[in-house]
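Reader: I am new to this structure. Please take me through the nonpolar core and what surrounds it.

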Amino acid sequence: MKTQHRLPKVILFGLAVTIVALSAAKRVEAASATSGVLDGKKFVGPTGEKGKKVHHEDVLSFSDGTFTSSMCFQYGFKGGPYTATVEGDSIHFQAETVSPTHGKMEWKGTLKDGTLDVSYTWTKERWLWTTFREYWFKGSLKE
């Protein structure tokens, strides 16, 4: 009597198809991501908490694959790596900056027609509660 081993073959085939699909998706993603496309650029503009008026002016900078916010240095936030994607006449970026004492900030923005629109969040986890705030930035290229 011959034992059929169809289930393991089906599972192996499914895994192979998944690996091929994921690898193709990564190639497409890598083709559209542009490393360092914003390097050397600085943007100056107002920023504030979401839903509120301007709080202060900030300078957002991109250099050697790193993103920084000048106003966040005072809270221990160092530069963090950024990724950028070119889509038509727009550049979209994402970054994360971390402070040893003040938590993390996640940044997402779009550069179009010389204006950088950014939304970012600040999260600080504590023992009893977590602080979470949303902010905005709108700046222009600093020459």
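Author: What follows starts with the chain as a whole, then turns to the core, its aromatic rings, the salt bridges and a surface patch.

This is a predicted model, in which local features need pLDDT of at least 70, side-chain atom pairs count only at pLDDT 80 or more, and totals for chains, interfaces and linings use all residues. Residues are numbered from 1 along each chain as its sequence is written, and side-chain values use heavy atoms, with hydrogens and water left out.

The protein chain has one helix and eight strands. Both are DSSP runs numbered from the N terminus: helices are H or I with at least four residues, strands E with at least two. The order from the N terminus is α-β-β-β-β-β-β-β-β. Of the 143 residues, 27% count as buried. Buried means under 20% relative accessible area, exposed over 50%, and partly exposed in between, with a 1.4 Å probe and protein chains only.

Now the core. A nonpolar core is a set of buried Ala, Val, Leu, Ile, Met, Phe, Trp, Tyr and Cys residues joined through side-chain atoms within 4.5 Å. The largest one here has 21 residues, and Phe-93, Trp-107 and Leu-116 touch the most other members. Strands β2, β4, β5 (90-99), β6 (103-112), β7 and β8 each supply at least two residues of this core. The largest share, four residues, comes from β7. In soluble globular proteins, nonpolar side chains tend to be buried together.

Look at Leu-116. Leaving out residues up to four places away in sequence, Leu-116 touches Phe-43, Leu-60, Phe-62, Phe-93, Thr-110, Leu-111, Phe-137, Lys-138 and Gly-139. Such a contact means heavy atoms within 4.5 Å.

Next, the rings. The structure holds eight aromatic pairs. Rings of Phe, Tyr and Trp (its six-membered ring) pair if their centres lie within 6.5 Å; planes under 30 degrees apart count as stacked, over 60 as edge-to-face and the rest as tilted. Phe-62 and Tyr-82 form an edge-to-face pair, 4.9 Å centre to centre with 75° between the planes. Phe-62 lies in strand β2 (residues 56-63) and Tyr-82 in strand β4 (residues 80-87), so this pair ties together parts 20 residues apart in sequence. Both Phe-62 and Tyr-82 are buried. They also belong to one aromatic cluster with Phe-43, Phe-67, Phe-93, Trp-107, Tyr-120 and Tyr-135.

Charged side chains come next. A search of the whole structure finds five salt bridges, each a side-chain nitrogen of Lys or Arg within 4 Å of a carboxyl oxygen of Asp or Glu. Glu-49, Lys-52 and Arg-133 are linked in a network of them. Lys-52 and Glu-49 have their closest N and O atoms 3.7 Å apart. Arg-133 meets Glu-49 at 4.0 Å, N to O. Arg-133 lies in strand β8 and Glu-49 in strand β1 (residues 42-49), so that pair ties together parts 84 residues apart in sequence. Lys-52 is exposed, at 53% relative accessible area, while Glu-49 is partly exposed at 25%.

Last, the surface. Trp-127, Leu-128 and Trp-129 form a nonpolar patch there, with about 490 Å² of accessible area together. Patches are made of residues with over 30% relative accessible area and no salt bridge; like charges are joined within 9 Å, nonpolar side chains (Val, Leu, Ile, Met, Phe, Trp, Tyr) within 5 Å. Accessible areas come from the Shrake-Rupley method with a 1.4 Å probe, and for residues only the protein chains shown count as cover. Trp-127 sits in the loop between β7 (115-125) and β8 (130-141). Trp-127 is exposed, at 79%.
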